[in-house]
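This report reads the structure shown below part by part, beginning with the surroundings of the ligand and moving on to the contacts between the chains.

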Amino acid sequence: MSMKIGEDKFKERVGKGIDNTFMRGAVAGAQERMGTRRENATEELGNWEEWRSHGEEIRKHVLENLDFYLEQLSENVAARGGHVFFAQTAAEANEYIQGVAKSKNAKKVVKAKSMVTEEISLNSALQQAGCEVIETDLGEYILQVDDHDPPSHIVVPALHKNKEQIRDVFAEKLGYQKTSKPEELALHARQKLREEFMSADIGITGCNFAVAETGSFSLVTNEGNADLVTSLPKTQITVMGMERLVPTFEEMEVLVSLLTRSSVGQKLTSYITVLTGPREELETDGPEEFHLVIVDNGRSSILGGEFQSVLNCIRCAACINVCPVYRQVGGHSYGSIYSGPIGAVLSPLLGGYDEFKELPYATTLCGACTEVCPVKIPLHELLHKHRQVIVEKEGRAPFAEKMAMKAFGMGASSPALYKLGTKFVPSVMSPFTDGDKISKGPGPLKLWTDSRDFPAPNKERFRDWFKNRDKGGKES
Amino acid sequence: MTGSIQNRDAFLTQIAKSLGRERRSKGVAVPAWKHRPQDEVLKGATQDELVEVLKTQCMKIHTSLVVTNLQDLPAKLGETVSNYGGGPVISWKDERFSQWGLDPLMKKGWKEKDIELYEWDESKGSENIRQAEKSNVGITISEITLAESGTVVLYTDKDKGRTVSFLPATYICLVPKSSIVPRMTQAAQKMREMHHQGKQVSSCVNFITGPSNSADIELNLVVGVHGPIKATYIVIEDL
Ligand code: SF4
């Protein structure tokens, strides 16, 4: 699977997403639950803003000195007997990993969930090299068993499926005969996957945070699958986006804390594992050989530019869990493995505007994403910037909403899109309302009011609006 | 073991170019950070207070917590293993079990009750993993324990296999009270200090917080997916 998922046009994907009732219910419920958990976990600290500021200063410092820290990291990994390969492109990374697989004569690869390996389409590269690839994260495993259904959320990949669907898939593909109880389904997966772990030749993981000072890296999971991936096969390959590192254990700790609280509302997840090099002499579990593949794949062209701060991202999905657009259209509508606000910012940068130029318009600029981001990425501002770039590039009139309408297949001038966001902020808005027009909105809304006046928010919901779109998008 | 590095120069030069400056190979120090919120968590808490925090947190992470002393430790450990359905048991090879008076239980008591004990043995190679896989209970010792999150920290070495805490169906960790610190911050500092003292950081450091779980099916919490299904921490007060 590559970064792009499916061949449908944006409009069709959104339509499908909106028509999928279970998916929408699941997404809405998930957002609420994960949102509440995140809020509790961040508020109980009492000084969350301090934490965010600390997260941001760490990420900024690392990006500004990225070449230094990557050099230090690679030296220290090699000093512990690891092999480091720097891959400028996805193809280079895949070729290297295929080479390792071939040299080991590998037949079976077990993987722990990793976005960067999806991004570079590693699984199909491994299959070409004659390997069977098994995803071991429960959610990813479910998708894989279901003929590689694409993920719809970066933390909970099978969010769009209900337990009855999962039971049916297991029954059809794995001969499963029990009920749709999550415990029974999970137990079945556990038994199946145990066999795979015990017989795999290579284990592949992503990397939450590498630690330059010691050449270590950390993996954050609740299931413990990453630990089996890194304990049982003889060869381990870890793939990391080049920005995913910190100077020392102390900064790693801070980012891990930000990640677990923001993504799943836990103080720490069940398993946080810090690995350094291959197993030591005389150790009998852990890999004999360790490879670290550091991937650029378009990241260096983001560095140093106006979108640099997106590389602060620690992939927590907090922005996805509060996004009103994601709530209505679901993860598949984005057509990218990176969905939600982070996906709308990152996908055009890594995958190109041609492929993903609608995404910066699949937002309301309501700013909820920016508010929750644990490393203070100004997501809605970056989305606004994307729109400006697109407008400049395509030489269109500098009215963001015109482009938005076009991208959404509407061709009308009604600025209905923003209402989706404003539905969530009517109380904040009211002081700025002048009759039924708003001339100066607070905070994030300023971006809209900068370019034009727009009608005061009403209760129209995105899906109603979207249903109306073909009728010219008239206000309902 | 010799490592290797490939393709580094072009890659890092590209980064420096994007950043609009020359390559930086040295001269970068970790700055004095403006913010340090992590130091405020449970600041100044006594060891007893930390035990209380740990207790409360264990209820949230589906983990049983037993507080005991050296004298009662064998009884408590024996009880916990029985509650988990007995053997086979696998443990690290660690002198501390014997120092803490556990030999009569582990080497004799269990044998009499037909509870099989396997002790990690580097000379036996992959047999260790096979034993861990078929074990009902895995037993290890926490080096550092994080009160805030309810986390035990394990350092792997040749006598302390990684899989003892992952493959068995249930998991028990012995926690010296003195190992309890406020949060991950102190553990990270300790690990860094060890590194600066020239002690090599362990090839695998596990931060374990309760049993394995997943919320991948309709966000329902399922306990015990790949790793243990149940977990108990036994805090030893006079250590
Ligand atoms: S952009 Fe921020 S909130 Fe969104 S996934 Fe990345 S770190 Fe989390």
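Which residues surround the ligand, and which of them are the closest?

## The ligand site

In this predicted model, the ligand is surrounded by 13 residues, and the closest are Cys313(A), Cys316(A), Ala317(A), Cys319(A) and Cys373(A). Sorted by class, the shell around the ligand consists of 12 nonpolar residues and one charged residue, with no polar residue among them.

## Extent of the interface

The interface of chain B and chain A brings 95 residues of chain B into contact with 111 residues of chain A. Between them the two chains bury about 8,600 Å², and 57% of this area is on carbon and sulfur atoms. Within chain B, the residues that lose the most area to chain A are Phe11(B), Leu219(B) and His226(B), which together account for 10% of what that side buries.

## Polar contacts and composition

Across the interface of chain B and chain A there are 60 residue pairs in polar contact, counted where both residues have pLDDT 80 or more. Several elements of chain B each supply at least two residues of the side that touches chain A, including the helices α1 (8–18), α2 (47–60), α6 (127–134) and α7 (184–196), as well as the strands β10 (204–208), β11 (213–217) and β12 (220–223). By class, that side of chain B has 39 nonpolar, 36 polar and 20 charged residues.

## Salt bridges

Over all chains the structure holds 44 salt bridges, and nine salt bridges are found across the interface of chain B and chain A. In one salt bridge, the side chain of Glu253(A) meets that of Arg183(B), with an N to O distance of 2.4 Å.

In another, Arg23(B) is paired with Glu71(A), and their closest N and O atoms are 3.0 Å apart. Because Arg23(B) lies in the loop between α1 and α2 of chain B, while Glu71(A) lies in helix α4 (residues 66–79) of chain A, this pair joins two chains.

## Strand pairing between the chains

Strand β1 (residues 83–87) of chain A is joined to β1(B) by three bridges, and the two strands run parallel. Within this pairing, His83(A) has Ser4(B) as its bridge partner in β1(B).

## Backbone features of chain B

Most residues other than glycine have a negative phi, and most peptide bonds are trans. Leu42(B), in the loop between α1 and α2 of chain B, has a phi near 55°, which is a positive value in a residue other than glycine.

The peptide bond that joins Gly87(B) and Pro88(B) is cis, with omega about -10°. Pro88(B) is located in the loop between α3 (73–83) and β3 (89–91) of chain B.

Terms used:
Residues are numbered from 1 along each chain as its sequence is written. Chains are lettered from A and ligands numbered from 1 in the order in which they are written. This is a predicted model: local features need pLDDT of at least 70, side-chain atom pairs count only at pLDDT 80 or more; totals for chains, interfaces and linings use all residues. Side-chain values use heavy atoms; hydrogens and water are left out. A residue is near a molecule or strand if one of its heavy atoms lies within 4 Å of it. Ala, Val, Leu, Ile, Met, Phe, Trp, Tyr, Cys and Pro count as nonpolar, Asp, Glu, Lys and Arg as charged, and the others, Gly among them, as polar. Contact means heavy atoms within 4.5 Å. Buried area is the accessible area (1.4 Å probe) that two parts lose on being put together, summed over both. A salt bridge is a side-chain nitrogen of Lys or Arg within 4 Å of a carboxyl oxygen of Asp or Glu. A polar contact is a pair of N or O atoms within 3.5 Å; within protein, one must be able to donate a hydrogen and the other to accept it, and residues adjacent in sequence count only if both atoms are side-chain atoms. Helices (H or I, at least four residues) and strands (E, at least two) are DSSP runs, numbered from the N terminus. Two strands pair if DSSP finds at least two bridges between them.
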